Amino acid sequence: MLAAAVHMMRGTPYVYQGEELGMTNAHYKDISQYRDVESLNYYQILLKEGKTKEQALAILAERSRDNSRTPMQWTAGENAGFTEGTPWIGIPENYKEINAEAEREDPDSIYRFYKKLIALRKEKDIIAEGTIGFLEKENRNVLAYRRNYRDEELIVLNNLTSEKVTVKVRPEWKDYKKLLGNYEDSMMNEKEIILRPFETMVLDSKVR
């Protein structure tokens, strides 16, 4: 959902190492696994403020810069296929499930979804060139916008929550068709669209 929300906007998107696989934060279980000086210092500050070791590690799991510095997860093999030596920082334990080798073989992987996004951006001028206008401004649970270019319009809907949310269908959308989504089917009728947890949906006026 986050990938679609960004890549369907104007501007130049970038893909940070491992993002296209859905690589996660490290979630290290001991402070000795961190290398970032800022994180090491912050850990001591948190302990002095009365946080337990578990609480301090949970905060670092969300905020540490080391979360973006773990080795690229290429395979399920030793050290995630990154090196035959000792990596400078530890690899998250989920590398056996989240790695490039596995995702290239999975037609429903995050990697494959990123490929679709990049291909669409090259195929459709509206994504890079079109105007943008935001919708559902009163709904804090939905990031929604429309893209327009020449005779084409895209409607991009993103559910930012883990709950279902409802978006009213505007009259002009009645003939629009789904171009992209992260759920196989769609919960849509003439009056409303129900977006499931973290669902993204792109409607296209030119898809028939």
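Predicted model: local features only at pLDDT ≥ 70, side-chain atom pairs only at ≥ 80, totals over all residues.
Mentor: Residues are numbered from 1 along each chain as its sequence is written, and side-chain values use heavy atoms, with hydrogens and water left out.

Trainee: In what order do the elements of the protein run from the N terminus on?

Mentor: The protein has 6 helices and 8 strands. Helices (H or I, at least four residues) and strands (E, at least two) are DSSP runs, numbered from the N terminus. From that end, the order is α-α-α-α-α-α-β-β-β-β-β-β-β-β.

Trainee: What percentage of the 208 residues in the protein is buried?

Mentor: Buried means under 20% relative accessible area, exposed means over 50%, and partly exposed lies in between (1.4 Å probe, protein chains only). The C-alpha trace spans about 60 × 40 × 30 Å along its principal axes. Of the 208 residues, the buried share is 41%.

Trainee: Which helix is included in what covers the buried residues of H3?

Mentor: Helix H3 covers residues 53–63, and its buried residues are Ala56, Leu57, Ile59, Leu60 and Ala61. An α-helix has 3.6 residues a turn, so residues three or four places apart point the same way. The cover over the buried residues of H3 includes helix H2 (37–48).

Trainee: With which residues is Ser64 in contact, leaving aside its neighbours within four places in sequence?

Mentor: Ser64 is located in the loop between H3 and H4. Its relative accessible area is 7%, so Ser64 is buried. With contact meaning heavy atoms within 4.5 Å, and neighbours within four places in sequence left aside, the partners of Ser64 are Tyr34, Asp36 and Ser39.

Trainee: What separation is found between the C-alpha atoms of Met72 and Lys191?

Mentor: Met72 is also placed in the loop between H3 and H4, and it counts as buried because its relative accessibility is 6%. Leaving aside neighbours within four places in sequence, Met72 is in contact with residues including Gln17, Leu21 and Phe82. Lys191 lies 119 residues from Met72 along the chain, and their C-alpha atoms are separated by 45 Å.

Trainee: Which residues are linked with Asp36 in a network of salt bridges?

Mentor: A salt bridge is a side-chain nitrogen of Lys or Arg within 4 Å of a carboxyl oxygen of Asp or Glu, and the structure holds 13 of them. Asp36 forms one with Arg69, the closest N and O atoms being 3.4 Å apart; this pair links the loop between helix H1 (2–7) and H2 to the loop between H3 and H4, 33 residues apart. Asp36 is buried because its relative accessible area is 4%, whereas Arg69, at 33%, counts as partly exposed. In the network, Asp36 is linked with Glu38, Arg65, Asp66 and Arg69.

Trainee: Is Arg146 buried or exposed?

Mentor: The side chains of Arg146 and Glu172 meet in a salt bridge of 3.1 Å, N to O. Arg146 is in strand E2 (residues 142–149) and Glu172 is in the loop between strand E4 (165–168) and strand E5 (177–181), 26 residues apart. Glu172 is partly exposed at 39% relative accessible area. At 18%, Arg146 is buried.

Trainee: Why does Arg196 count as buried?

Mentor: Arg196 forms a salt bridge with Asp185, with the closest N and O atoms 2.9 Å apart. Arg196 lies in the loop between strand E7 (192–195) and strand E8 (200–204), and Asp185 in the loop between E5 and strand E6 (187–188), so the pair ties together parts that are 11 residues apart in sequence. Asp185 counts as partly exposed at 43% relative accessibility. Arg196 counts as buried because its relative accessibility is 10%.

Trainee: Which helix gives the most to the positive patch?

Mentor: Patches are made of residues with over 30% relative accessible area and no salt bridge: like charges are joined within 9 Å, nonpolar side chains (Val, Leu, Ile, Met, Phe, Trp, Tyr) within 5 Å. Lys and Arg count as positive, and the positive surface patch is formed by Arg104, Arg112, Lys115 and Lys116. Arg104 is found in helix H4 (residues 100–105) and counts as exposed at 52% relative accessibility. The helix that gives the most, with 3 residues, is H5 (residues 110–123).

Terms used: Areas by Shrake-Rupley, 256 points an atom, 1.4 Å probe, with all protein chains shown as cover. Charge placed at Lys NZ, Arg CZ, Asp CG, Glu CD.
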